[in-house]
Amino acid sequence: MRKQTNVTRNEASVAQLAALLTACDLDFCPPLSQRQDIPAYAERIFERAERFECWDQGQLVGLVAIYCITPPGEPAFITNVSVHPSNRGCGLADALLHAALTHARSRGFSQVALEVDAAATAAQHLYYKHNFSKQSAKGATLLLHVAL
């Protein structure tokens, strides 16, 4: 069921980012906390990424974080896509990803990249829906790109 989504940009605090990342920890393959120190990762996202966010009653429930700081000719890089477990299936990730790709295009990027685990089939479905394609694989990690 798709619900009305209001995407905002760069409003969440570091604590709100960390809370969402913690709530979504086990949804990542492997869990996010096995690869990142979540509070430090939230701080990096806050400081360096453009953040597209969805809120529900004052709580951050959806996030796409994209680095648009790469050198000219290199792709922008999506570092995180997270939707709170209680808000899944409503089209939030789709709306957030669309907003991030539109932003990257407006900043002059011709492509966007991201990494996803080969076992994360739901995430891959979302990315393929947005015309990402597999560029390479390193172990269980796939590198996907989309031309803008």
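**Helix packing and local geometry**

User: Start with H1 and H3. At what angle do their axes cross, and how far apart are they?
Analyst: In this predicted model, helix H1 (residues 14-23) and helix H3 (residues 38-48) cross at roughly 125 degrees, and their axes come within 8 Å.

User: Why is that oblique?
Analyst: Angles of 65 to 115 degrees count as roughly perpendicular and those over 145 as roughly antiparallel. The crossing is at roughly 125 degrees, so H1 is oblique to H3.

User: Left-handed or right-handed?
Analyst: Right-handed, as H1 passes H3.

User: Which residues make the contact?
Analyst: H1 brings Val14, Leu17, Ala18, Leu21 and Thr22. H3 brings Ile38, Tyr41, Ala42, Glu43, Ile45 and Phe46.

User: How do the residues of that contact divide?
Analyst: Between H1 and H3 there are nine nonpolar residues, one polar and one charged.

User: Now H4 and H5. What is the angle there, and how far apart are the axes?
Analyst: Helix H4 (residues 92-106) packs on helix H5 (residues 121-129) at about 45 degrees, with the axes 11 Å apart. That makes H4 oblique to H5.

User: And the hand of H4 passing H5, left or right?
Analyst: H4 passes H5 in a right-handed crossing.

User: Which residues touch?
Analyst: Ala93, Asp94 and Leu97 come from H4. Leu126, Tyr127 and Lys129 come from H5.

User: How many of those are nonpolar, polar and charged?
Analyst: In the contact of H4 with H5, four are nonpolar, none polar and two charged.

User: Switching to backbone. Is the bond from cysteine 29 to proline 30 cis or trans?
Analyst: The peptide bond from cysteine 29 to proline 30 is cis, with omega near -15 degrees.

User: Where is proline 30?
Analyst: Proline 30 is in the loop between H1 and helix H2 (32-35).

User: What about phi of glutamine 57, positive or negative?
Analyst: Positive, near 50 degrees, and glutamine 57 is a residue other than glycine.

User: Where does glutamine 57 sit?
Analyst: In the loop between strand S2 (50-56) and strand S3 (59-67).

User: Last one, side chains. What sits over the ring of tyrosine 67?
Analyst: The charged end of arginine 48, 5.8 Å from the ring's centre.

Conventions. Residues are numbered from 1 along each chain as its sequence is written. This is a predicted model: local features need pLDDT of at least 70, side-chain atom pairs count only at pLDDT 80 or more; totals for chains, interfaces and linings use all residues. Side-chain values use heavy atoms; hydrogens and water are left out. Axes are lines fitted to C-alpha atoms, for helices over the stretch in contact, and angles run from 0 to 180 degrees between N-to-C directions. Helices (H or I, at least four residues) and strands (E, at least two) are DSSP runs, numbered from the N terminus. Angles under 35 degrees count as roughly parallel, over 145 as roughly antiparallel, 65 to 115 as roughly perpendicular and the rest as oblique. A crossing is left-handed if the near helix is turned anticlockwise from the far one by less than a right angle, and right-handed if clockwise. Contact means heavy atoms within 4.5 Å. Ala, Val, Leu, Ile, Met, Phe, Trp, Tyr, Cys and Pro count as nonpolar, Asp, Glu, Lys and Arg as charged, and the others, Gly among them, as polar. A charge sits over a ring if NZ of Lys or CZ of Arg is within 6 Å of the ring centre and within 35 degrees of the ring normal.
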